[in-house]
Amino acid sequence: MNAPKSVTVSAAQLVRNFGELRSSALQGPIFISHHGRRTHVLLSGALFGGVREDVGGQGAVLEEGKGLGLLIEQVDACLVILDEASRVISLNTAALGYFSGLAGLHVGLSCADDLPELSGTTAEAHFKRATRYGERAAFDMPSASHAGQWLRCSTFPFGSGAAFMFRNISAERRALSSEQRLDSLRLALDAATTIGRGEISLRGTFTDVSAGMARLVGIAPERLKMARLSEIVSLGRRADAAEQVEAVLQDRGARAFETRLLANDGSERPVRMGLGPL
């Protein structure tokens, strides 16, 4: 097949169609994505040679039509290229968008002039070490220009200067923090052996149950995970339980209600059940 200038495929597609994609790479770069994010690129030898030549001519890194310029503009992450004096030489489209409407960064000015907040930070130290000693580094840091944001960064030598690549990971950190809090809550609930905890899917089946929940109904946790909530509620209370579940799914808030659970020995156990969105 004749590839366009820029093609993106998944890692699985690369494995299945490597021969075809290898031929396509003679026409232009093939970007390989992982979970929708471009992480690697497949280049022909000729294009890679052009990239190396572009690096030697650092000032023309983003010149129209250059192989390296094409690659840089296709990268999802923000990229800032600095000279040996930490002056900004170029920014890719992602970086221009990130700094849009702010005082920094500007081509031709130093990072210290544009973003004085960087002075004395880990990033500034890594810029200098990349320029002076050719060191590479990867680190997370709070954004100097966007309060409350966190960035995942990497620095590496580039020509006679250095390059700074970063992306906003604030949402990932919030998600991780939320998951950690949820894990702590699960542990606390499970430690209270008189409380049964369960998590159910949109289909009403258990996806996770605590040992306390399993004890309440006398069913092993691994077997209970295959059951529906309605199957362990007494017949006369199932309609009410279903309505309560539906209310939570419709974002009508957490619910608490009296019901009766069917135990494995045939008995019914009165409980107060609480439901909330997850």
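This is a predicted model: local features need pLDDT of at least 70, side-chain atom pairs count only at pLDDT 80 or more; totals for chains, interfaces and linings use all residues.

1. With which residue does Asp265 form a salt bridge? The partner is Arg269, and the closest N and O atoms of the two are 4.0 Å apart. Asp265 is exposed, at a relative accessible area of 58%, whereas Arg269 is partly exposed, at 30% relative accessibility.

2. Arg87 and Asp83 form another salt bridge, in which the closest N and O atoms lie 3.0 Å apart. Asp83 has 9% relative accessibility and therefore counts as buried, the limit for that class being under 20%. Arg87, by contrast, is partly exposed, with a relative accessible area of 38%.

3. A salt bridge also joins the side chains of Arg152 and Asp140, at 2.9 Å from N to O. This pair links distant parts of the chain: Arg152 belongs to strand β7 (residues 150–158) and Asp140 to strand β6 (residues 137–142), the two residues being 12 residues apart. Both ends are partly exposed, Arg152 with a relative accessible area of 38% and Asp140 with 32% relative accessibility.

4. Arg197, Glu199 and Asp208 are linked in a network of salt bridges.

5. As to the total, how many salt bridges does the model contain? The count comes to 9, and the pairs described above, including Arg87 with Asp83 and Arg152 with Asp140, are examples. In general, side chains of opposite charge can pair when their charged atoms come close.

Methods
Residues are numbered from 1 along each chain as its sequence is written. Side-chain values use heavy atoms; hydrogens and water are left out. Buried means under 20% relative accessible area, exposed over 50%, partly exposed in between (1.4 Å probe, protein chains only). Helices (H or I, at least four residues) and strands (E, at least two) are DSSP runs, numbered from the N terminus.
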